[in-house]
Amino acid sequence: MSTPSRADAVRNRQLALDAATALLAEPDATLTVEVIAKRAGLGAGTVVRAFGGKDALLDAAVAGLLRPVVARAHELSSSDRPEQALRTFLAELMAFQGAHHAAGDNLRGLSAPETTALRGELVTAVEKMLTAAQRDGRVRDDVPLGVLTAVIGESAYAVARSGSPEHIDAFLTVLLDGLRPST
């Protein structure tokens with residue numbers, strides 16, 4: 001039988017999670033336990049007790065941001081217009097990454113099992129969109145699926161890092177033109 005969490009422990013955990021999530025939206029934010037604790041109005045020890053450490057806290061924060069993106073990818077992967085679904089999803093992904101590129105930067109080298117699992121789901125959904133678009137003759141099938149997803153992922157990351165959200169449509173046009181089968 002587990003002991004119910006004390007109300008203050010639950011509140012402190014949420015404050016720390018909210019602070020970490022807010023910091024992930026700040027491009028040059030430093031994400032240390034101390035900075036997160038200060039933003040949350042808590043002590044560093046309280047934050048560590050709530051999560052067990054920085055890895056678990058950032059994993060929870062990034063996973064919270066990523067869940068709706070993964071849900072959207074799954075939704076679009078069932079579209080009867082896979083090329084349009086892929087374009088829509090990539091535009092949304094690039095906008096998301098542009099707003100939260102600090103998330104990826106801050107997860108390097110950390111243990112993030114929940115985020116890793118969600119990224120795996122995201123790749124699966126994108127592969128489903130690509131496969132459907134290949135069946136429709138809208139995406140080339142002479143390049144392995146893993147390479148296509150890597151190209152897409154790296155392109156989305158590069159666009160996000162460029163800091164030019166107004167260029168997403170142009171980047172997508174060039175990217176998707178490159179994915180079309182040669183005629």
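## The largest pocket

By class, the residues that line the largest pocket divide into 16 nonpolar, 8 polar and 3 charged, where Ala, Val, Leu, Ile, Met, Phe, Trp, Tyr, Cys and Pro count as nonpolar, Asp, Glu, Lys and Arg as charged, and the others, Gly among them, as polar. The model is a predicted one, in which local features need pLDDT of at least 70 and side-chain atom pairs count only at pLDDT 80 or more, while totals for chains, interfaces and linings use all residues. Residues are numbered from 1 along each chain as its sequence is written, and side-chain values use heavy atoms, with hydrogens and water left out.

This pocket holds about 720 Å³ of space. Of its 27 lining residues, Gln-97, Arg-119, Leu-122, Gly-153 and Tyr-157 are the closest to its centre. Two or more lining residues come from each of α4 (54–77), α5 (82–107), α6 (113–135) and α7 (145–162), and α5 supplies the largest share, 9 residues. A pocket here is an open set of points on a 1 Å grid over the protein atoms alone, where a 1.4 Å probe fits, with protein on both sides within 12 Å along at least five of seven lines, and lining residues have an atom within 4 Å of a point. The volume is the space filled by probe spheres set on the points, which are joined across faces, edges and corners.

## The second largest pocket

The second largest pocket has a volume of about 180 Å³. It is lined by 10 residues, of which Ala-9, Asn-12, Thr-46, Arg-49 and Ala-50 are the closest to its centre. The elements that give two or more residues to this lining are α1 (7–24) and α3 (44–51), with the largest share, 5 residues, coming from α1. By class, the lining has 3 nonpolar, 3 polar and 4 charged residues.

## Overall layout

The protein has 8 helices and 0 strands, where helices (H or I, at least four residues) and strands (E, at least two) are DSSP runs, numbered from the N terminus. Along its principal axes, the C-alpha trace spans about 65 × 40 × 25 Å.

## Contacts of α1

α1 and α4 pack at an angle of about 65°, with their axes 9 Å apart; axes are lines fitted to C-alpha atoms, for helices over the stretch in contact, and angles run from 0 to 180 degrees between N-to-C directions. α1 is therefore roughly perpendicular to α4, a term that covers angles of 65 to 115 degrees. On the α1 side the contact (heavy atoms within 4.5 Å) is made by Ala-16, Leu-17, Ala-20, Thr-21 and Leu-24, and on the α4 side by Leu-57, Leu-58, Ala-60, Ala-61, Val-62 and Leu-65. These residues divide into 10 nonpolar, 1 polar and no charged.

The axes of α1 and α2 come within 8 Å and cross at roughly 110°, so these two helices are also roughly perpendicular to each other. Here Leu-15, Ala-16, Ala-19, Ala-20, Ala-22 and Leu-23 of α1 meet Val-35, Ile-36, Arg-39 and Ala-40 of α2, and the contact has 9 nonpolar, no polar and 1 charged residues.

## The contact of α2 with α3

Helix α2 (residues 33–40) packs against α3 at an angle of about 100°, with the axes 8 Å apart. Val-33, Glu-34 and Ala-37 of α2 make this contact with Ala-44, Val-47 and Val-48 of α3, and the residues divide into 5 nonpolar, no polar and 1 charged.

Notes
Angles under 35 degrees count as roughly parallel, over 145 as roughly antiparallel, 65 to 115 as roughly perpendicular and the rest as oblique.
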